[in-house]
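Please examine the structure shown below alongside its sequence.

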Amino acid sequence: MLTFAIVLALASPSPSPSTSSTPNPLTINGYFRSYLFTRQNASNNPGAQFNYTPGAKYSSTGVNQVGWEQAIDLHAEYALPGGWYIGGAYLYGDPFSGPCSEAATHIKGNACVSQRPPNTNPDDTVPDFILSTFYEGYLGYRTRDFNAKVGDQVFDSPWAGPADTRIKPESFQGGDFEYTPKGWTFELADMLQFQPRSSSTFISSTLLTSFPAGNRGLAPNIYYAGGGNITTPGFLYGRIGFAAPSHRYSIDGYLWSVTDIVNMYWGDAQYTLAENRWKPYIALQGGLEYNAGASVIGKIDSSLFGAQIGAHATRDIVVSASYDELPWHYDNIVLPAGFSCSNSNYQIKIPTQQSPPKPGNTLAYFLPLSTGQCLTNPSGSTTVAYGGWASPFTDNYANAPLFTTAISESVADRRAPGTSWRIAANYDSPNRRVNFIIGNSWFDYSNALVPQTTTEFNLDGTYRFMPVPRAQPYHGLRFRYRYADRRYSNTFCGAVNTSCPASLAYGASFLGGNPIFKYNRAMLEYDF
């Protein structure tokens, strides 16, 4: 409670600085943040029975998770003569959990990771261990239509951005150059290294080629020398966009070329149909991606299309309906030595004696999670199902720029093709101090092998204790609470799971994942 007392003491607005004809070249800002996360992973007790749908019961030995961390973030920037500037940012986070505050104590099998319900395990996405990092340090040059920044920096783009949904944002090391004449945007960036949101160091890798705390990371079907990260030297990024001066429409085209992993081609557009009290709009998004270079995470072949319609139901409430679609792809192959496909649960089996897989025993495909992966054919060949969107810098962060992204999941986080829908309502109070979002998402990951559906219900509320300026950053105390309730079908075998074959016992794992997942996030933050 000490952190809350400190934050509340800081909630009173500071005296306004005296006006001066010469602007201060030094700006300092930052935040104090206290974040509490809880995850209910299906059940509190080993072997406990619980109701998922009427008439069906499932077993789970999932261990629930809790993470509570406090952090201070300081950012400073100094304007130099001639349009030049320098800046940097430092963050320190601490869960105040004594002997379990260090990342090394969170290794499976350590006393800090019980693996036994009803005890709880740490939530390493928070990350629930100490962070201490200078995640920004840059030199820049700025004019009215041009901005260049080189160094460690928070970079903002749809598929590689801050992902500031925990204690700290992710950041990148490289150069970003942007030219913005008369509504146009021309941007080019080259990023060499990456710092995940749960790390204090920059790495020459990605969320799909490393083992970041709290993330799935590198898939078990991919060989990695020595069991460590696969080194990749970053990505090239380009953007061309135009936004109408009236703000009635905008259109953007993007390219990310992530070395030895994937080339991503992306586009989005939005158009306001009428400038009346309803302000109805339509938005489109879509893209293509393919494996590139050494293809270190395997074959990638994905195409995505999405659409969203929305309108102002009242002056303060915007309602929307969204849709995203990624088609499945299938290849008939001969599996590498040691790999097999289980026709009882349609999952690729990794050789137990080869963990990690040995050189030459990589199944070079970007495989989906918790849905049908394969089928053994009578001829002896194997049908492999794939086609999910590979996202090296948002994977498992649930911040993909998709219209149907929910609080805990998107189709990109499941690495799976399929169709998804979302309806949502967003309320902003007239004084902008209250924001409330309610939404429901439906994901259909069914393929030619087996059905799988997922649903998620979300609540998201924010209250700002101070007046909100119109054209300036908010300074003051704010509280945000987010809730997610996610449900999987065909996760465990049960009375109503007619897709489960007789060879799998009642209560056995089928497609993987937890049938019920509940998520609570509470954040208290003071911005200065």
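This is a predicted model: local features need pLDDT of at least 70, side-chain atom pairs count only at pLDDT 80 or more; totals for chains, interfaces and linings use all residues.

Residues are numbered from 1 along each chain as its sequence is written, and side-chain values use heavy atoms, with hydrogens and water left out.

Strands here are DSSP runs of E with at least two residues, numbered from the N terminus, and two strands pair if DSSP finds at least two bridges between them. An open sheet is formed by three strands with antiparallel pairing, in the order β17-β21-β20. Because β17 (329-333) and β20 each have a single partner strand, they stand at the edges, and one side of each is left without a neighbour in the sheet. On average, neighbouring strands of this sheet are turned by 20° against each other, direction ignored; the axes are lines fitted to C-alpha atoms. Between β20 and β21 (residues 382-386), which run antiparallel, there are three bridges. Leu375 has Thr383 of β21 as its bridge partner.

The loop between β19 (347-349) and β20 (374-376) contains Ser370. This residue is not a glycine, yet the phi of Ser370 is positive, near 55°. Ser370 counts as buried because its relative accessibility is 16%, where buried means under 20% relative accessible area and exposed over 50%, with partly exposed in between (1.4 Å probe, protein chains only).

Phe96 lies in the loop between β5 (84-94) and β6 (121-122). Phe96, likewise not a glycine, has a positive phi of about 55°. With 58% relative accessibility, Phe96 counts as exposed.

How values were computed:
Helices (H or I, at least four residues) and strands (E, at least two) are DSSP runs, numbered from the N terminus. Axes are lines fitted to C-alpha atoms, for helices over the stretch in contact, and angles run from 0 to 180 degrees between N-to-C directions.
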